[in-house]
Amino acid sequence: MLTQETHPVRPAEERRHVAWVGKSVVFKGELVSSEDMAIDGRVEGSIDVRGHTLTIGPDANIRATIVAGTVTILGAVNGTITADNKVEIRPSGSVEGDIISPRLAMADGAILRGRVGSRAG
């Protein structure tokens, strides 16, 4: 006699390891996540992913105050970024605003218009 246990199988896209805001999404307000997050759409307001990684995709347009553990920027950000670990601006990335982080990495072609500082521990 054969018995087969059935478990609901979710498609791979539903088993993400990262919260995701897609290209077609426009979010206005306070965005809070307690897991890593990737944003490819538009966000206006504030983004809080304390202690986690935030990736701003190449098509993203962000007008927000950002607080995160690590921030990687491939798109456009207008606002203050506070990171506990590191901010990395890739060649396609641009930031207009201040960055507060112990580490900053900028690739050739990256744009930064603002001030950089480190929070006193």
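Visitor: Where does Pro102 lie?

Guide: Pro102 sits in the loop between strand 9 (99–100) and strand 10 (104–106). Keep in mind as we go that this is a predicted model.

Visitor: What does Pro102 touch, leaving out residues up to four places away in sequence?

Guide: Pro102 touches Ala83, Asp84, Asn85 and Ser118. To count as a contact, heavy atoms have to be within 4.5 Å. As for Val87, which is 15 residues from Pro102 along the chain, the C-alpha atoms of the two are separated by 8.6 Å.

Visitor: Stepping back, which elements is the chain built from?

Guide: You'll find 12 strands and zero helices.

Visitor: What makes strand 5 and strand 7 a pair?

Guide: Two strands pair if at least two bridges are found between them. Strand 5 (residues 61–73) and strand 7 (residues 81–89) are joined by seven bridges, so they qualify, and they run parallel. One example is Ala68, whose bridge partner in strand 7 is Ala83.

Visitor: How do you know that strand 7 pairs with strand 9 and with strand 10 too?

Guide: Apply the cut-off of at least two bridges again. Strand 7 has two bridges to strand 9, and the two run parallel. Ile81 stands opposite Ile99 in strand 9. Strand 7 also has three bridges to strand 10, again running parallel. There, Ile89 has Met106 as its bridge partner in strand 10. Both counts reach the cut-off, so both are pairs.

Visitor: Which residues of the largest nonpolar core touch the most other members?

Guide: That core has 25 residues, and Ile39, Ile47, Leu54, Ile62, Val71, Ile73 and Ile81 touch the most other members. Strand 1 (19–21), strand 3 (37–39), strand 4 (42–56), strand 5 and strand 7 each give two or more residues to this core. The largest share, six residues, comes from strand 5. Take Ile62: leaving aside neighbours within four places in sequence, its contacts include Ile39, Val43, Ile47 and Ile56.

Visitor: Why does Lys23 count as exposed, and what is Asp59 called?

Guide: Exposed means over 50% relative accessible area. Lys23 has 61%, so it counts as exposed. Asp59 has 48%, which falls between the 20% and 50% limits, so Asp59 is partly exposed.

Visitor: How many salt bridges are there in the whole structure?

Guide: A search finds five. Among them are Arg42 with Glu44, at 2.4 Å from N to O, and Glu88 with Arg90, at 2.8 Å from N to O.

Visitor: What makes Glu44 partly exposed?

Guide: Buried means under 20%. Glu44 has a relative accessibility of 22%, so it counts as partly exposed.

Note on methods: Residues numbered from 1 in each chain as written. Predicted model: local features only at pLDDT ≥ 70, side-chain atom pairs only at ≥ 80, totals over all residues. Heavy atoms only, no water. Helix = DSSP H or I, 4+ residues; strand = E, 2+ residues; numbered from the N terminus. Core = buried A, V, L, I, M, F, W, Y, C linked by side-chain atoms within 4.5 Å. Buried < 20%, exposed > 50% of the residue type's maximum accessible area, 1.4 Å probe, protein only. Salt bridge = Lys/Arg side-chain N within 4 Å of Asp/Glu carboxyl O.
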